[in-house]
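Please consult the sequence and the model shown here.

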Amino acid sequence: ADLDHDALQALLDRLSKDAPRCFNEGKVADYIPALGEVDPNHFGIAVCHVDARVQYAGDALTRFSIQSIVKVHALVLAMQRLAPDDIWSRVGREPSGQAFNSMVQLEVERGVPRNPFINAGALLVTDLLVSRIVSTQYTLREHLRRLSGSDDVGFDERVARSEMDHKARNAALAYLMKAYGNLDADVETVLDTYFHGCSVAMNCVEMARSVAFLANRGVNPLDGSRVVSPVETRQLNALLLTCGLYDAAGDFAWRVGLPGKSGVGGGIIAILPGRMSICVWSPRLDGYGNSIAGRHALEGLVEGIGFSPLG
Ligand code: GLN
């Protein structure tokens, strides 16, 4: 049986209270100065039930840089606007087993990224969007506002600029795909759009709401609107389970057993299909770029709920 409201709240409060035990490990992403300045000792957790009720604890109302989690929303936008073949002829659906910003497979596989959740794949999805949508940044922002129910969600221009100033590795990925003929649009436009997506600031409650459709067979519980079909929902969750945490996806599936997606801002989303979406945030990262306290809390949450889609 599901935990009732009070039992779940007690669990969230306990996870939040225990989180500082992880604060002696890991470090905040510092590949750009704007992220390196974040106070490392934050922890927030929020769940959004499939009836749209939200429960949260800790710093769940403090906004953070969503970074790679936006790769999920960008792919959803692409699935809404493009035919499946137009997407999946250009990007794969296999776990990479490599770091999120790795170049090696791109060379071996002739410019076709392994999946949409590593940087190369997200740059490719961004290319699909900017090639077909007149104002991709505006459209992506509206998409995030609608999904989260918060009409002031937006870009952190300082983070976006900082990403652009340190773009070398992502630029290399994009130009390599361009060289293989797998990137249509202007590379600098693709990079600018991708970095703006990474720069979006949201809090745990907003983020949990924005992915609640993935727990609800594709329908956003906030307003009853259909985001994707039930089949697409299943496909997205499959991709999250196998590819959402890069080369730590296997370990995350082992420990947590939920489809998930992390970002180097310290956020992780996870989906309990049919029940709830979850967002945790804590900025200290492990060597894979995943939040240490966040993953730990998700393990505790699943243990406390006593149920996962994997048994
Ligand atoms: N902005 C980061 C990058 O492109 C996003 C990566 C991440 O969150 N894993 O490197």
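The points below are grouped by topic.

This is a predicted model, in which local features need pLDDT of at least 70 and side-chain atom pairs count only at pLDDT 80 or more, while totals for chains, interfaces and linings use all residues. Residues are numbered from 1 along each chain as its sequence is written.

**Domains**

- The protein chain is divided into domain 1 (5-65 + 202-305) and domain 2 (68-199), with bounds that come from an automatic or database domain assignment.
- The centres of the two domains, taken over C-alpha atoms, are 21 Å apart.
- Contact between the domains involves 31 residues of domain 1 and 30 residues of domain 2; two residues are in contact if their C-beta atoms, placed from the backbone, lie within 7 Å.
- On the side of domain 1 that touches domain 2, at least two residues each come from helix 2 (33-36), helix 11 (204-210), helix 12 (230-243), strand 5 (260-262) and strand 6 (267-272).
- Helices (H or I, at least four residues) and strands (E, at least two) are DSSP runs, numbered from the N terminus.
- That side of domain 1 has 17 nonpolar, nine polar and five charged residues.
- Ala, Val, Leu, Ile, Met, Phe, Trp, Tyr, Cys and Pro count as nonpolar, Asp, Glu, Lys and Arg as charged, and the others, Gly among them, as polar.

**Ligand shell**

- Residues around the ligand include Gln-67, Phe-100, Glu-163, Cys-198 and Gly-289; a residue is near a molecule if its C-beta atom, placed from the backbone, lies within 6 Å of it.
- Domain 1 and domain 2 each contribute at least three residues to this shell.
- By class, the shell has three nonpolar, seven polar and one charged residues.

**Helix 3 and helix 6**

- Helix 3 (residues 70-81) and helix 6 (residues 119-132) pack with axes 10 Å apart at an angle of about 45 degrees. Axes are lines fitted to C-alpha atoms, for helices over the stretch in contact, and angles run from 0 to 180 degrees between N-to-C directions.
- Helix 3 and helix 6 are therefore oblique to each other, since angles under 35 degrees count as roughly parallel, over 145 as roughly antiparallel, 65 to 115 as roughly perpendicular and the rest as oblique.
- The contact of helix 3 with helix 6 has eight nonpolar, one polar and three charged residues.

**Helix 9 and helix 10**

- The axes of helix 9 (residues 168-179) and helix 10 (residues 187-199) cross at roughly 135 degrees and come within 10 Å.
- Helix 9 and helix 10 are therefore also oblique to each other.
- Their contact includes Asn-170 and Tyr-175 of helix 9, and Val-187 and Tyr-194 of helix 10.
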